Amino acid sequence: MDKGAVPGEDRRVVPVFVPGAAGPRDLKEMELTKPDLVVVGFSGNALDALSAIEASFRVVAFLDDNAGLHGRDFEGVPVLPVAALGRFPEARVLCLIGSERSYRHRAAIIGRLGLPEARFATVVHPRAEVSRLARIGAGSVLLAGAQVVSNGVVGRHVIVLPQSVVHHDSEVGDFTLVGTGVIVAGHVRVGPGCYLGSGSRLKNGVTVGEGALVGMGANVLRDVPPGATVVGNPARVLR
């Protein structure tokens, strides 16, 4: 499998412009052959993910329920209400809503879209690395430098920010957000709907319960209860 490829995902190679080879017209034609993609959430996550998305898809709309954003555009791509999703019946969809304040609502937001799983895109940055033994769920996105090694598993609708690593025999649950520079060691279980803050470290064998938040830079040496918030080195549950 090519570096960064995901089993079952149609990943298209976009040639780099080289003087004397492909000209601007050729590149424009290549752009038009990419599948259309609608991004739900006009957020920092969406902007951070653009280089990964544009390697394989053509973004046709950003959808956001913040009325203050409607009518804007980003590089010619309009920002529309989420209700406008029906205008793009053939487009793939990627939901990039989520922060330390809203991550627990991601599953409900995605569920309200009412889409079959096949409509959701899986996006892996060309500079991310995914082992041929790894599994990546529908609707997930891995940004530059992210790694899923050996038989690691990333669930559905997971966001993995740059330079984070999921090691062997580990699983990151559905709807989880993984910050920048996170290390998930071997045999770790991260439940669904969690938030792993940037720079956090999860010791081999620990379990992070559903809906938990791991603070930035936390060093997790013990299991984290469901719904808990842990911070510090070693990580402790906030009272």
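What is the relative accessible area of Arg156, and is this residue buried, partly exposed or exposed? In this predicted model, Arg156 has a relative accessible area of 30% and is partly exposed. The side chain of Arg156 takes part in a salt bridge with Glu117, with an N to O distance of 3.2 Å. Arg156 is located in the loop between β11 (153-154) and β12 (159-160), and Glu117 in the loop between α3 (106-112) and β6 (123-124), so this contact ties together parts that are 39 residues apart in sequence. Glu117 is likewise partly exposed, at 33% relative accessibility.

A salt bridge also joins Arg156 to Asp174, where the closest N and O atoms are 3.0 Å apart. Distant parts of the chain are linked by this pair, since Asp174 sits in the loop between β14 (171-172) and β15 (177-178), 18 residues from Arg156 in the loop between β11 and β12. Asp174 is partly exposed, with a relative accessibility of 22%.

Arg58 belongs to strand β2 (residues 58-63) and Asp36 to strand β1 (residues 36-40), so the pair ties together parts that are 22 residues apart in sequence. Arg58 is partly exposed at 27% relative accessibility, and Asp36 is partly exposed with a relative accessible area of 28%.

Note on methods
Residues are numbered from 1 along each chain as its sequence is written. This is a predicted model: local features need pLDDT of at least 70, side-chain atom pairs count only at pLDDT 80 or more; totals for chains, interfaces and linings use all residues. Side-chain values use heavy atoms; hydrogens and water are left out. Helices (H or I, at least four residues) and strands (E, at least two) are DSSP runs, numbered from the N terminus. Buried means under 20% relative accessible area, exposed over 50%, partly exposed in between (1.4 Å probe, protein chains only). A salt bridge is a side-chain nitrogen of Lys or Arg within 4 Å of a carboxyl oxygen of Asp or Glu.
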